[in-house]
Amino acid sequence: GFTADSATVESVCRALDGLPLAIELAAARVRSLSVRDIARRLDDRFALLSDPTSSRAPRRRALSAALTWSYDLLVPDDQRGLWALSYFSGGAPLEATEVVLARLEVPERSAVDVVSRLVARSLVYLEVSPDGSVRYRLLDSIRAYALDRLRESGLHDTAAAAHAT
């Protein structure tokens, strides 16, 4: 009995950055919501994308739990790297990232290592333009999660000031 137009399904998948767990959790909601309703509620993806009735491991029952599990495995400088990059809506070049990281008390000489480790863990994506310039970008779900952690840290205003610089 499942019906949905392919454009709406595609928009949900795109909004979820193509993350398999996020799509699986959204699909589980089809039992009680239409795909269009799911699409409208993705602005609060962490509340929507959870399945408390599942018998799977906690990190497989909710998108926020999966991200928390990955985040908790990071060293503090790498967590701050996510915070720094979360402030850039369209990604950032290394130089801009270094400015924000420095204000978040990550030594400048560590910035390349921080970004490299985050790329290696698929938490940050490298975008290379035709002219060879590089930008580092977070998927929307990871960016939303990292912004929440930044706010909790009490360093949101510090990151904002560094971003403005």
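## Overall fold

Helices (H or I, at least four residues) and strands (E, at least two) are DSSP runs, numbered from the N terminus. By that rule the protein chain has ten helices and two strands. Along the sequence they follow the pattern α-α-α-α-α-α-α-α-β-β-α-α. The model is a predicted one, in which local features need pLDDT of at least 70 and side-chain atom pairs count only at pLDDT 80 or more, while totals for chains, interfaces and linings use all residues. Residues are numbered from 1 along each chain as its sequence is written, and side-chain values use heavy atoms, with hydrogens and water left out.

Taken along the principal axes, the C-alpha atoms of the protein chain fill a box of roughly 55 × 35 × 25 Å. Contact means heavy atoms within 4.5 Å. Of the contacts in the protein chain with a separation of 6 or more, 60% are between residues 24 or more positions apart.

## Surface and burial

The protein chain has an accessible surface of about 9000 Å², and 51% of this belongs to carbon and sulfur atoms. Accessible areas come from the Shrake-Rupley method with a 1.4 Å probe; for residues, only the protein chains shown count as cover.

A residue is called buried under 20% relative accessible area, exposed over 50%, and partly exposed in between (1.4 Å probe, protein chains only). Buried residues make up 38% of the 165 residues in the protein chain.

## Nonpolar core

A nonpolar core is a set of buried Ala, Val, Leu, Ile, Met, Phe, Trp, Tyr and Cys residues joined through side-chain atoms within 4.5 Å. The largest such core holds 45 residues, and L49 and L82 have the most contacts inside it. Helix 9 gives the most to this core, with five residues.

## Helices 6 and 7

Helix 6 (residues 76–86) is mostly covered, with nine of its eleven residues buried. The buried residues are D78, Q79, R80, G81, L82, W83, A84, L85 and S86. They pack against helix 5, helix 7 (94–103), helix 8 (111–120), strand 2 (134–137) and helix 9.

In helix 7, the buried residues are L94, T97, E98, V100 and L101. Their cover includes helix 6, helix 8, strand 2 and helix 10 (156–164). Helix 7 is followed by E105, whose phi is positive, near 70°. E105 is a residue other than glycine, and its place is in the loop between helix 7 and helix 8. With a relative accessible area of 64%, E105 is exposed.

## The cavity

On a 1 Å grid over the protein atoms alone, a cavity is a set of points where a 1.4 Å probe fits but cannot get out, and lining residues have an atom within 4 Å of a point. Grid points are joined across faces, edges and corners, and a volume is the space filled by probe spheres set on the points. A search of the whole structure finds one cavity of 30 Å³ or more. About 50 Å³ of space lies in the largest cavity.

The lining of the largest cavity consists of L67, Y71, L82, L123, I142, Y145 and A146. Helix 5 (63–72) and helix 9 (140–153) are the elements that give two or more residues to this lining, and helix 9 gives the most, with three. By class, the lining has seven nonpolar residues, no polar and no charged. Here Ala, Val, Leu, Ile, Met, Phe, Trp, Tyr, Cys and Pro count as nonpolar, Asp, Glu, Lys and Arg as charged, and the others, Gly among them, as polar.

V9 is found in helix 1. At 31% relative accessibility, V9 counts as partly exposed. Leaving aside neighbours within four places in sequence, V9 is in contact with A4 and V35. V9 and L104 are 95 residues apart in sequence and 39 Å apart in space, C-alpha to C-alpha.

L16 lies in the loop between helix 1 (6–15) and helix 2 (20–28). L16 counts as buried because its relative accessibility is 0%. Beyond its neighbours within four places in sequence, L16 is in contact with A22, I23, A26, L42, R45 and L49. From L16 to D44 is 28 residues in sequence and 12 Å in space, C-alpha to C-alpha.

D17 is placed in the loop between helix 1 and helix 2. Phi of D17 is near 60°, a positive value in a residue other than glycine. D17 is partly exposed, with a relative accessible area of 21%.

Methods. 1 Å grid on protein atoms, 1.4 Å probe; cavity = no way out; pocket = protein on both sides within 12 Å on 5 of 7 lines; lining within 4 Å.
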